[in-house]
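Welcome! Take a moment to look over the sequence and the 3D view, and then we can walk through them together, topic by topic.

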Amino acid sequence: MKNIRETVRQLVAKYGCCDPTQLCEKMGITVLTHDLPASINGFTVRMEGMPFIVLSSALESFERRITIAHELGHIVLHKGTNTVELSINTSFCVNKYEREADCFAAHLLLASSLQELDGMETVTSETLAKLTHMPKEMIEEAFFN
């Protein structure tokens with residue numbers, strides 16, 4: 001997961017921001033909103049080589065931000081990979097890709113605070129989860145494991 005932290009750092013340095021929506025805009029990734037089943041927050045699709053993120057119209061603003069960051073993680077980390085196809089046609093463990101995308105999202109969403117947090121001894125996963133509205137498990141996987 002250390003490579004993911006470095007990937008996020010390089011992306012933020014290249015584009016000068018850590019907001020997932022702004023990054024998508026600067027990277028030419030279109031974000032669309034659509035009515036999706038309740039079990040789906042969003043997904044990534046490529047059409048004619050162009051990446052799109054499709055979000056559920058039912059998401060709250062903080063859920064939307066987390067989902068965009070997660071899907072951006074798939075675009076950056078898993079180029080050319082179709083997880084739906086992998087899960088149906090192979091025995092490959094798609095959960096690995098989901099954990100990596102979660103880790104990417106956590107690092108991206110906390111990128112502006114990482115330097116301040118590095119020196120603090122009392123930062124907990126619960127504190128970070130409350131501050132960011134991210135699931136505690138997502139924070140723990142990215143920063144405490």
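**A threonine and its neighbours**

Setting aside neighbours within four places in sequence, Thr 67 touches Asn 41, Gly 42, Leu 55 and Leu 59. You can find Thr 67 in helix 3, and with a relative accessibility of 7% it counts as buried. Please keep in mind that this is a predicted model.

**The overall plan**

- The secondary structure of the protein chain comes to 8 helices and 3 strands.
- If you read along the sequence, the pattern is α-α-β-β-β-α-α-α-α-α-α.
- The protein chain has 145 residues, and buried residues make up 36% of them.
- Take the contacts between residues at least 6 apart in sequence: 53% of these join residues at least 24 apart.

- The 3 strands form an open sheet in the order 1-3-2, and their pairing is mixed.
- Which strands stand at the edges of the sheet? They are strand 1 (30-34) and strand 2 (42-47); each has a single partner strand, so one side of each is left without a neighbour in the sheet.
- From one strand to the next, the twist averages 30°.
- Strand 2 and strand 3 (residues 50-56) pair in the antiparallel sense, over 6 bridges.

**The hairpin turn**

- Strand 2 and strand 3 form a hairpin, with 2 residues between them.
- Glu 48 sits in the loop between strand 2 and strand 3.
- What is the phi of Glu 48? It is near 55°, a positive value in a residue other than glycine.
- For background, most residues other than glycine have a negative phi.
- Is Glu 48 buried or exposed? At 86% relative accessibility, Glu 48 counts as exposed, because the cut-off for exposed is over 50%.

**Two helices packed together**

- Helix 2 (residues 20-27) and helix 3 (residues 61-77) pack at an angle of about 40°, and their axes are 9 Å apart.
- Helix 2 and helix 3 are therefore oblique to each other.
- On the helix 2 side, the contact is made by Pro 20, Thr 21, Leu 23, Cys 24 and Met 27. On the helix 3 side, Arg 65, Ile 68, Ala 69, Leu 72 and Val 76 take part.
- The residues of this contact divide into 8 nonpolar, 1 polar and 1 charged.

**The cysteines**

- A disulfide is a covalent bond between the sulfur atoms of two cysteines.
- How many disulfides does the model have? With the cut-off for a pair of cysteine sulfur atoms set at within 2.5 Å, the count comes to 0 disulfides.
- Cys 18 counts as buried, at 19% relative accessibility, because the cut-off for buried is under 20%.
- Cys 24 is in no disulfide either; the nearest cysteine sulfur belongs to Cys 17 and is 9.5 Å away.
- Cys 24, one of the residues in the contact between helix 2 and helix 3, is buried with a relative accessible area of 1%.

**A histidine in a loop**

- His 78 lies in the loop between helix 3 and helix 4 (83-89).
- Is His 78 buried or exposed? At 7% relative accessibility, His 78 counts as buried.
- Leaving out neighbours within four places in sequence, His 78 is in contact with Gly 73, Tyr 97, Glu 100 and Ala 101.
- His 78 and Glu 100 are 22 residues apart in sequence, and their C-alpha atoms are 9.3 Å apart in space.

Terms used:
Residues numbered from 1 in each chain as written. Predicted model: local features only at pLDDT ≥ 70, side-chain atom pairs only at ≥ 80, totals over all residues. Heavy atoms only, no water. Axes fitted to C-alpha atoms, helices over the stretch in contact; angles between N-to-C directions. Helix = DSSP H or I, 4+ residues; strand = E, 2+ residues; numbered from the N terminus. Parallel < 35°, antiparallel > 145°, perpendicular 65-115°, else oblique. Contact = heavy atoms within 4.5 Å. Nonpolar A, V, L, I, M, F, W, Y, C, P; charged D, E, K, R; others polar. Pairing = 2+ DSSP bridges. Buried < 20%, exposed > 50% of the residue type's maximum accessible area, 1.4 Å probe, protein only.
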